[in-house]
Amino acid sequence: MKKKSGIETKTNRNGYFFVLPFILVYAAFQFWPILYTLILGFSDLKGLRSDFSFVGLKNFQKLIHDRYFWGSVKNTFIMWGCNFAPQLGIALLFAIWFTDIRLNLKGRGLFRAVFYMPNLLTTASIAILFRILFAYPVGPVNQFLTGTLGIWSSGVVDGEIVNQGFNFFRMPNASRLIVSFIQWWMWCGHTLIMLMAGITSISPSLYEAAIVDGANNRQQTFYITLPLLRPMMLYILVTSMIGGMQLFEIPFLLTGMHGEPDFKIRTMSVYLYNMGFQGGTDYSYAAAIAIAIFIITIILSLGINALVKERPAKSRKED
């Protein structure tokens, strides 16, 4: 075996100095916080205390019987589902439309930019924007409904029924729909770009062969485009699910930072923040919630991958 020269060995050693800053930053701001969260999840640290003791699985036992936590899990799944289903469907429809060679749609670059633009805005600014739009009673949406369309909400004031505007942030289902719509509006353009990239990577020869065989547009979509887009859609599904499980800024800033009304838009991440940094500042219980979110995300990712994984076709037994 040929021995390395002294210059080559010295060069290899110098390479460690280039990766050392990244390793130090990762260890300080990624690895150690994750490790410390795991430690806190099995402890009883609260408030401003600096000392804590290990309590085993006590926090997780409390979590299993916590109806508020399971309520936040339900809210998270509802708002993610109401966001992702139309997001994927509409993005897929426009992606097929924009990439159709026969249509030769003009201004596709402009359409892509318009669709993707909401993804460039900060989440906090979007939350404040929609809070102003749906404000009660003088927000633009209320003014349009009551002033332009003449649609009013009835309420009781001093024992009398009167017409008034819509307080959307006191209506649980309306609040959930607003959060879902914001998430759809922000991420539909990103999904559109990903699907368009997947479609354009499909070989045109497949479509040419299908046209020669007499396949129409619907058959080309269902038998060529969608099957070959399966890996891309799986990637979009998993990444969207991971982001959905971490939904925080929109429901946190849209109302009173506790997921009102009736905690119907309080997600798992919002509940984690409420437990750790508001009220009792129960850092250990908040760490247990963070661990639970991680476990739920991992289980869902593995489950989705197992469900949509291509299975080899069973060969027929010869007679």
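1. How many helices and strands make up the secondary structure of the protein chain? The chain comes to 13 helices and 2 strands, where helices (H or I, at least four residues) and strands (E, at least two) are DSSP runs numbered from the N terminus. The model is a predicted one, in which local features need pLDDT of at least 70 and side-chain atom pairs count only at pLDDT 80 or more, while totals for chains, interfaces and linings use all residues. Residues are numbered from 1 along each chain as its sequence is written, and side-chain values use heavy atoms, with hydrogens and water left out.

2. On the chain as a whole, 34% of the 319 residues count as buried. Buried means under 20% relative accessible area, exposed means over 50%, and partly exposed lies in between (1.4 Å probe, protein chains only). Among the contacts in the protein chain with a separation of 6 or more, 62% are between residues 24 or more positions apart; contact means heavy atoms within 4.5 Å.

3. The axes of helix α3 (residues 67–98) and helix α10 (residues 230–245) come within 10 Å and cross at roughly 150 degrees. That makes α3 roughly antiparallel to α10. Axes are lines fitted to C-alpha atoms, for helices over the stretch in contact, with angles running from 0 to 180 degrees between N-to-C directions. Angles under 35 degrees count as roughly parallel, over 145 as roughly antiparallel, 65 to 115 as roughly perpendicular and the rest as oblique. The crossing of α3 and α10 is right-handed; a crossing is left-handed if the near helix is turned anticlockwise from the far one by less than a right angle, and right-handed if clockwise.

4. On the α3 side, Thr76, Phe77, Trp80, Phe84 and Leu88 meet residues of α10. Their partners in α10 are Met233, Ile236, Leu237, Ser240, Met241, Gly244 and Met245. Gly81 also lies in helix α3 and is partly exposed, with a relative accessible area of 30%. Gly81 and Met241 are 160 residues apart in sequence, but their C-alpha atoms are 9.0 Å apart in space.

5. Ser301 is found in helix α13 and is buried, with a relative accessible area of 15%.

6. Helix α12 (residues 268–277) is largely enclosed by the rest of the structure, because 7 of its 10 residues are buried. The buried residues are Met268, Ser269, Val270, Tyr271, Leu272, Asn274 and Gly276. What covers them includes α3, α10, α11 (249–254) and α13 (283–308). Just after α12, Gly279 takes a positive phi of about 75 degrees.

7. Asp262, in the loop between α11 and α12, has a positive phi of about 55 degrees although it is not a glycine; at 60% relative accessibility, Asp262 counts as exposed. Phe263, found in the loop between α11 and α12, has a positive phi near 60 degrees and counts as partly exposed at 36% relative accessibility.

8. A cis peptide bond also joins Tyr136 and Pro137, with omega about 5 degrees. The place of Pro137 is in the loop between α5 and α6 (140–148).

9. Rings of Phe, Tyr and Trp (its six-membered ring) pair if their centres lie within 6.5 Å; planes under 30 degrees apart count as stacked, over 60 as edge-to-face and the rest as tilted. Phe130 is buried at 6% relative accessible area, whereas Trp185 counts as partly exposed at 27%. Phe130, Phe134, Phe166, Phe168, Phe181, Trp184 and Trp185 form one aromatic cluster.

10. Two charges over rings complete the note. Lys62 lies over the face of Tyr285, at 4.4 Å from the ring centre. The charged end of Arg67 sits over the ring of Tyr68, 4.4 Å from its centre. A charge sits over a ring if NZ of Lys or CZ of Arg is within 6 Å of the ring centre and within 35 degrees of the ring normal.
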